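Hi,

Here is the structure I promised to pass on to you. Have a look at it first, and then read my notes below.

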Amino acid sequence: MALAKILWVDDEIESLQSQKLFLESKGYEVHTLTNGFDAIDYVKENPVDVVLIDETMPGITGLETLAKIKEVSQQIPIVLITKNETENLMNDAIGSQISDYLIKPVNPNQVLLSLKKILDNKRLVAEKTTTAYQQQFRNLFMALNSSPDHNEWMDIYKKLVYWELEMEKSDSPEMQEVLQSQKSEANTEFFKFISRHYASWVKPKSGDGPVMSHTLMQFKVLPHLEKGTPLFFILVDNLRFDQWKAIQPMFAESFRILEEDSFYSILPTATQYCRNAIFAGMLPVDIEKQFTVQWKNDDEQGGKNLHEEEFFRAQLKRLGKGDLKVSYTKVVNNQAGLDLQNNIHNLLGNDLNVIVYNFVDMLSHARTEMEVLKELASDEMSYRSITRSWFEHSPLHQALKKIADKNIKIVLATDHVSVKVKTAYKVVGDKQTTTNLRYKHGRNLNYEPKEVLAFRDPREAGLPVPTVNSSFIFAKEDGFLCYPNNYNYYVNYYRNTFQHGGVSMEEMIVPVIKMQSK
C-alpha cells in the first residue's frame, strides 16, 4: 500500500518522469497533471495527501490553483515549486498557507525531504488559533439560544469538541476556561432539551426522534451490507466523540473515513441498557418482555450483558436478515484481543462481523478505583491521550491493519460514554436503591427535583419497572448522586472521576463512523 497519494501539477511534467519514478520507488503513489483546472477537478473527486504545484503554468497560475484547492479542502498540504525567487511571491505563497516552497530545478531528494516533513507533521485538524475561537464563540452562543433540535444539538456538540481539541494546541488557559464555561452552559441547555423531549422519542411509533441505541443497527449499520464486501461492526465501549477524534488519524492511515456521524444513547447511558438495546434493536422495557429470563435489572445477581449475541440474531431474524453469515466476537481482556488479531482473516468470509471491544470501559472504571489511573487520566486531555496510546498498541489496531488491504467496510460505534463529574447531589433512598452515581432507581427516592431528570413511571423512559413503585432518576450536567451516610467521604472520593449513566452531551451524543478500505 502506498505511503501517501501525491498529485504533481506541472505543464512540463514530461521532463519530470525520472522524479516521479524515484518517488514511486520510495513507496508513494504519484498522479500527474499538466494544468491547474484539471488539478482542481481531480482534488474534488479524489483523496490526495499532498499536492506539488508549479507556479508558472498557462491558463491559471500555481497560486490561483492553490487558492481554489484550499476552497475544496482546507487540510491538503501544498508545495509550491517555482523558478521565481522574488520575495513578494514567497510572501504570497506563505500567506496562502502553503506547506513548503521549492526553487527549480528541484532534485529528487529535496522533494522527498519536503514530503517526509509534511506527512510526518501533518495535522488532520486545521491549525486554528484562539482568535478563530473568539470569532466562533458568538455563533455557538447564538446556536445555543435558538432552540436547537436534535440534529442541531449534535452539531453544537461536535463544534465544542472541535474547539476543545484545537485549544490543546493553544497555551491560553484563559481561552480554555471560556470554552469550558461555554460547554457547561451548553450542557445546562441540553439537560432541559432532553427533559422536554426524551419521553416522546421513546414512545412506540415515535416518528420525530433521532436514531437512538435501539434503532442504530436498523438505520446506521445494516444499510451498509453489500454482497461480497464483509462489513465489520466494531463497538468500542465508552468511546466518546473526542476520544474518537484522538484515534481517528490512526484509522485514516489505513481506511477512508466516509462519514463521522452520531446518534443518541438511551438512558441510562450505561452498558447493560445501551448495549443490550443496540443488539436487541429494542428498548429495555421490550427486551425484558421478550427475553424475561435473559434480562437482568441492576439489583439482580449475574452478568447483565451475557446475551448480546442471542439478542442480535433475534433482531436480524425480525428484520428479515436471518440468513446472513454473521460472527460475534467479544473482547474483554488482552488474550481475547490477541486471539482476534490471529483469527481476523477467518472473518473475511462472513457478511457481517460484530466485534465488541471492552477496553475503554475497563479503563474508565479502573480509573475511579486505582490511584495510578487517577493520576494518569486526571482530565479530558490526558484521558484522550491514554485512549490514543492504548489504541495504537492494541490488538484491535493490529488486527485491522492486517485486513486493511482487503475490500471491507467498517462501522465503528460505541454503546455509551462517560463524563467527568464534579458536583455532588444528595439522594435519600431505601436499602434496595442502586449504587450507580449518574442514575438511580428504587422506591421512595428522595431528591431535589431541579437536580435530576426523574421518571416516576420507568416505562415512560422505555425502561422496565424493577420493583413496584420504583422510579428512575438521572443526574444532569456534571452531577453525581450520593447518599447521606458517609457523604463527605464519597463526595471527595468520586469527584473528578469519569462516570456514566446520566444526561450530558458527552454521554448521549455518541459517534458512529463509516469507513472503507482504501
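This is a predicted model: local features need pLDDT of at least 70, side-chain atom pairs count only at pLDDT 80 or more; totals for chains, interfaces and linings use all residues.

Residues are numbered from 1 along each chain as its sequence is written, and side-chain values use heavy atoms, with hydrogens and water left out.

Back to the patch. Helix 6 (residues 130-144) gives the largest share of it, three residues. Helices here are DSSP runs of H or I with at least four residues, strands are runs of E with at least two, and both are numbered from the N terminus. Val178 sits in helix 8 (residues 173-201). Val178 counts as partly exposed because its relative accessibility is 30%; buried means under 20% relative accessible area, exposed over 50%, and partly exposed in between (1.4 Å probe, protein chains only).

Helix 8 also has a packing partner. Helix 7 (residues 150-167) packs with helix 8 at an angle of about 160 degrees, and their axes are 11 Å apart. The axes are lines fitted to C-alpha atoms, for helices over the stretch in contact, and angles run from 0 to 180 degrees between N-to-C directions. So how do helix 7 and helix 8 run, roughly parallel or roughly antiparallel to each other? They are roughly antiparallel, since angles over 145 degrees get that label, while under 35 is roughly parallel, 65 to 115 roughly perpendicular and the rest oblique.

While you are looking at helix 7, find Trp153, which lies in it. Trp153 counts as buried, at 2% relative accessibility. Between Trp153 and Ala186 there are 9.2 Å in space, C-alpha to C-alpha, although they are 33 residues apart in sequence.

Next, the salt bridges. The rule is a side-chain nitrogen of Lys or Arg within 4 Å of a carboxyl oxygen of Asp or Glu, and the count by this rule comes to 29. Asp237 forms a salt bridge with Arg275, and their closest N and O atoms are 3.5 Å apart. That pair links distant parts of the chain, 38 residues apart: Asp237 is in the loop between strand 6 and helix 10, and Arg275 is in helix 11. Arg275 also meets Glu308 in a salt bridge, at 3.1 Å from N to O. Glu308 lies in helix 13 (residues 308-318) and Arg275 in helix 11, so this pair ties together parts that are 33 residues apart in sequence.

Are these side chains buried or exposed? Asp237 is buried at 0% relative accessibility, Arg275 is buried at 1%, and Glu308 is buried at 1% too. Asp237, Arg275, Glu308, Lys330 and Asp415 are linked in a network of salt bridges.

For another setting, go to Arg459 and Asp457, whose side chains meet in a salt bridge (3.1 Å, N to O). Arg459 is exposed, with a relative accessible area of 53%, and Asp457 is partly exposed at 25%.

Last, some backbone details. Asn238 is not a glycine, yet its phi is positive, near 65 degrees. Asn238 is in the loop between strand 6 (231-236) and helix 10 (241-254), and it is buried, with a relative accessible area of 0%. Asn444 also has a positive phi, about 50 degrees, without being a glycine. Asn444 counts as exposed, at 60% relative accessibility.

There are cis peptide bonds to look up as well. One joins Lys104 and Pro105, with omega about -10 degrees, and Pro105 is in the loop between strand 5 (100-103) and helix 5 (108-121). Another runs from Leu267 to Pro268, with omega near -10 degrees.

Cheers
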